[in-house]
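Here are a few friendly notes to read alongside the model. Please keep the structure open as you go through the points.

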Amino acid sequence: LGDIYSAAEMKEFLEFAKRYKLHVIVDEVYMLSVFGDVDSFQSVLSFDKLPDPQRTHVMWGISKDFAASGIRVGTLYTENTDVINVLGQLSCFHGVPGPTQHMVAQLLRDRDWINQVFLPTNRARLKTAHKYITNELTAMGVPFLNRHAGLFVWIDFRKYLKNPTFEEEDKLWRRFLDNKVLLISGKTFGCGEPGWFRLVFSDKTYRLQLGLHRLRKVLEEQDSESQSIEKGTDSESKTKISEDVIEVGVLPTSPDPALDGLIGLLRQQIRATDWLQRNTPEQFAQENPEVYDVFCKLAEK
């Protein structure tokens with residue numbers, strides 16, 4: 001999500017884990033991809049002392065910070081010999097080739113180039129791309145989490161779902177895909193609420209512009225369809241009221257055959273739809289408890 005925990009917060013987490021004898025896996029794979037003006041990151045390995053070194057394990061890799069995901073090189077720092085021995089038994093299945101190790105070692109030795117050229121340039125480009133994406137999302141009226149680290153923006157598309165379900169989230173994801181926009185849905189990351197998506201912004205501007213153009217098109221079509229459904233629902237509600245009035249005997253003095261035909265057609269449409277079955281008072285009470293309580297109090301009066 002791009003959240004940056006302070007050193008004080010991390011120490012609290014580690015102290016908590018120590019009290020309950022919990023192992024802590026700290027993934028610092030984005031530690032060098034912080035591009036905010038006031039944000040800063042401090043590795044737990046920079047602490048003077050770890051509360052429980054035997055249960056603290058730190059991960060890092062070059063895939064994100066050095067834009068080198070294809071090289072597949074990661075590291076694990078731990079003082080726990082049992083963990084080291086177990087990983088040693090598995091290393092034959094995913095070992096890093098010698099030439100790759102040599103290349104990465106040469107890269108990491110060039111501290112001057114990393115600190116004075118690569119990291120400043122990379123952070124500036126991330127900042128520019130992030131600003132462009134977030135400005136466009138703001139102009140479109142799309143909510144998002146505004147963070148200044150990492151390569152992604154966590155976007156809230158809940159209002160574009162016809163129903164708040166993961167099935168509708170999957171439909172929206174497929175609609176994006178059909179329009180050549182590949183986002184990752186929140187369900188993939190275990191998000192408990194449907195409608196959240198991850199957007200990668202670490203790319204060139206012209207690609208971001210094309211992607212947002214396609215994304216905007218999908219959202220406009222989705223919003224237009226939702227409005228049509230709402231209008232149809234309003235029409236059904238008005239028809240139901242008219243039907244109730246007619247059934248209690250309030251009829252026009254001179255019946256119009258055309259009007260009777262229209263009313264009959266509307267009745268058929270009402271009976272054919274399952275809207276009432278899909279929108280029960282119990283479901284409304286569950287989804288809108290505060291509004292439901294207000295209605296109940298008014299009804300009691």
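1. The lining of the second largest pocket divides by class into 17 nonpolar, three polar and four charged residues. Here Ala, Val, Leu, Ile, Met, Phe, Trp, Tyr, Cys and Pro count as nonpolar, Asp, Glu, Lys and Arg as charged, and the others, Gly among them, as polar. A pocket is an open set of points on a 1 Å grid over the protein atoms alone, where a 1.4 Å probe fits, with protein on both sides within 12 Å along at least five of seven lines; lining residues have an atom within 4 Å of a point.

2. A word on the source: this is a predicted model, where local features need pLDDT of at least 70 and side-chain atom pairs count only at pLDDT 80 or more, while totals for chains, interfaces and linings use all residues. Residues are numbered from 1 along each chain as its sequence is written, and side-chain values use heavy atoms, with hydrogens and water left out.

3. Back at the second largest pocket, 24 residues form the lining, and Leu1, Gly2, Asp3, Asp27 and Tyr30 lie nearest its centre. Strand β5 gives the largest share, three residues (strands are DSSP runs of E, at least two residues, numbered from the N terminus).

4. Strand β1 also belongs to an open sheet of three strands, in the order β1-β2-β3, with mixed pairing (two strands pair if DSSP finds at least two bridges between them). β1 and β2 (residues 56–61) pair in the parallel sense over four bridges, and Val24 stands opposite Thr56 in β2. The edge strands are β1 and β3 (74–77).
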